[in-house]
Amino acid sequence: MTRRGFTLVELLVTMAVMGILGGALVRLTINQSRYVGEQEALMEARQTSRQAMNLLATELRMVSDSGVVRVAFDSITVRVPYAFGMLCGVSGGARIASVLPYDSAAWDNAVSPGVAWRTGGGFRPAGSVTVAASAATSACTSDSIRVVTGGALIALSPSSVLSSANAGGLMYLYETVTYRFATSGVLPGRRALYRVSGGTAEELLAPFASTAGFAYLTGSRLTLTTTVPSNLNTVTGFELRLIAESSVTPSGRTAPITYDLRPRVRLGNKPLD
């Protein structure tokens, strides 16, 4: 019995079919690889946006009356409270205050603290003060003010800073913080989100698109505007335009993947008129 082999035509047809299948498989593999790369880039950009939102929202929600200092599209400067309390009398050249229980981490990390006290038109902020523990309880008990459990008695100096403040008035300690978008030091040529406090700039997250920035919410209706308000006391919140980018450009793309996150944060300690 004679075994029949393959003809040249059969070989050519087989090779053509294998070539088509091989090409399709290669294209499928490339497309799948690109898809995975794009999804990973999108997840990276989304994670950057969400982390920035969590960091900003935590402090911005604490901002109180007279707490917005400067605003621009790419930066905002605010006074972030980290302890609240009541003012007492003067003892040993310092103004004594009784503060409510506070976050010890925020207290320890505060740089160049300031103080603000309640007046008829809101809170009046003062510049840097020295904050120290105090045992002058009589300066408070004489005004029927006591230290609550978990709170503390503190001395604010110089006392002249608070000369116009009345005993029994509300006060808070704050840290002046600037959030801004600027050129990244970690990823050259890209933009990053910075937190600036006490003259020290800390790069938090990168990269962000050139369109990342801030818009403003004003009034009791939280009206959105991109124009800097002439009266910063009307600012009642911010829209955070956290448009993050992937750190690398995925294969097959001409630009990094972006994720556009725009949460709105109301200043939680500022009453709405």
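What radius of gyration does the protein have, and what would a compact globule of 273 residues have? The protein has 30 Å, whereas a compact globule of 273 residues would have a radius of gyration near 19 Å. Please keep in mind, as you go through the views below, that this is a predicted model.

**Figure 1. The whole chain, before we zoom in.** Let us begin with the overall picture. Three helices and 15 strands make up the list of elements in the protein. Along the principal axes, the C-alpha atoms fill a box of roughly 120 × 40 × 30 Å. Of the 273 residues, 40% are buried. The protein exposes about 14800 Å², and carbon and sulfur atoms supply 54% of that area. If you take the contacts between residues at least 6 apart in sequence, 62% of them join residues at least 24 apart.

Figure 2. The hairpin that joins S1 to S2 runs through two residues.

**Figure 3. The largest nonpolar core.** This view shows a core of 30 residues. The members that touch the most other members are Leu-56, Leu-60, Phe-208, Phe-238 and Leu-240. At least two residues each come from helix H1 (8-60), S1, S2, strand S8 (170-183), strand S10 (200-208), strand S11 (213-218) and strand S13 (235-245). With six residues, S13 gives the most to this core. A second, separate core has 17 residues, among them Ala-83, Ala-126, Ile-154 and Leu-156.

**Figure 4. Leu-60 and its surroundings.** Leu-60 is one of the residues that touch the most other members of the largest nonpolar core. Leaving aside residues up to four places away in sequence, Leu-60 touches Ile-76, Val-78, Phe-238, Leu-240, Val-265, Arg-266, Leu-267 and Gly-268. Two of these names, Phe-238 and Leu-240, are also listed among the core members that touch the most others.

**Figure 5. Phe-181 against Phe-208.** The ring centres of Phe-181 and Phe-208 are 5.2 Å apart and the planes stand at 70°, so the pair is edge-to-face. Phe-181 lies in strand S8 and Phe-208 in strand S10, so the pair ties together parts that are 27 residues apart in sequence.

**Figure 6. Tyr-216 against Phe-238.** Another edge-to-face pair comes into view here. The rings of Tyr-216 and Phe-238 have centres 6.3 Å apart and planes at 75°, so the pair is edge-to-face. Because Tyr-216 lies in strand S11 and Phe-238 in strand S13, the pair ties together parts that are 22 residues apart in sequence. Both Tyr-216 and Phe-238 are buried.

**Figure 7. An aromatic cluster of four.** Look for Phe-84, Phe-123, Tyr-172 and Tyr-174, which form one aromatic cluster.

**Figure 8. Two cis peptide bonds.** One runs from Ser-157 to Pro-158, with omega near 0°. Pro-158 sits in the loop between strand S7 (152-157) and S8. The other runs from Ala-206 to Pro-207, again with omega near 0°. Pro-207 is found within strand S10.

**Figure 9. Two serines with positive phi.** Most residues other than glycine have a negative phi. Ser-66 has a positive phi, near 60°, and lies in the loop between H1 and S1. With a relative accessible area of 18%, Ser-66 is buried, since buried means under 20%. Ser-112 also has a positive phi, near 45°. Ser-112 lies in the loop between helix H2 (104-109) and strand S4 (114-119). At 42% relative accessible area, Ser-112 is partly exposed.

Technical notes
Residues are numbered from 1 along each chain as its sequence is written. This is a predicted model: local features need pLDDT of at least 70, side-chain atom pairs count only at pLDDT 80 or more; totals for chains, interfaces and linings use all residues. Side-chain values use heavy atoms; hydrogens and water are left out. Two strands pair if DSSP finds at least two bridges between them. Helices (H or I, at least four residues) and strands (E, at least two) are DSSP runs, numbered from the N terminus. A nonpolar core is a set of buried Ala, Val, Leu, Ile, Met, Phe, Trp, Tyr and Cys residues joined through side-chain atoms within 4.5 Å. Buried means under 20% relative accessible area, exposed over 50%, partly exposed in between (1.4 Å probe, protein chains only). Contact means heavy atoms within 4.5 Å. The radius of gyration is taken over C-alpha atoms; the globule rule is 2.2 Å times the number of residues to the power 0.38. Accessible areas come from the Shrake-Rupley method with a 1.4 Å probe; for residues, only the protein chains shown count as cover. Rings of Phe, Tyr and Trp (its six-membered ring) pair if their centres lie within 6.5 Å; planes under 30 degrees apart count as stacked, over 60 as edge-to-face and the rest as tilted.
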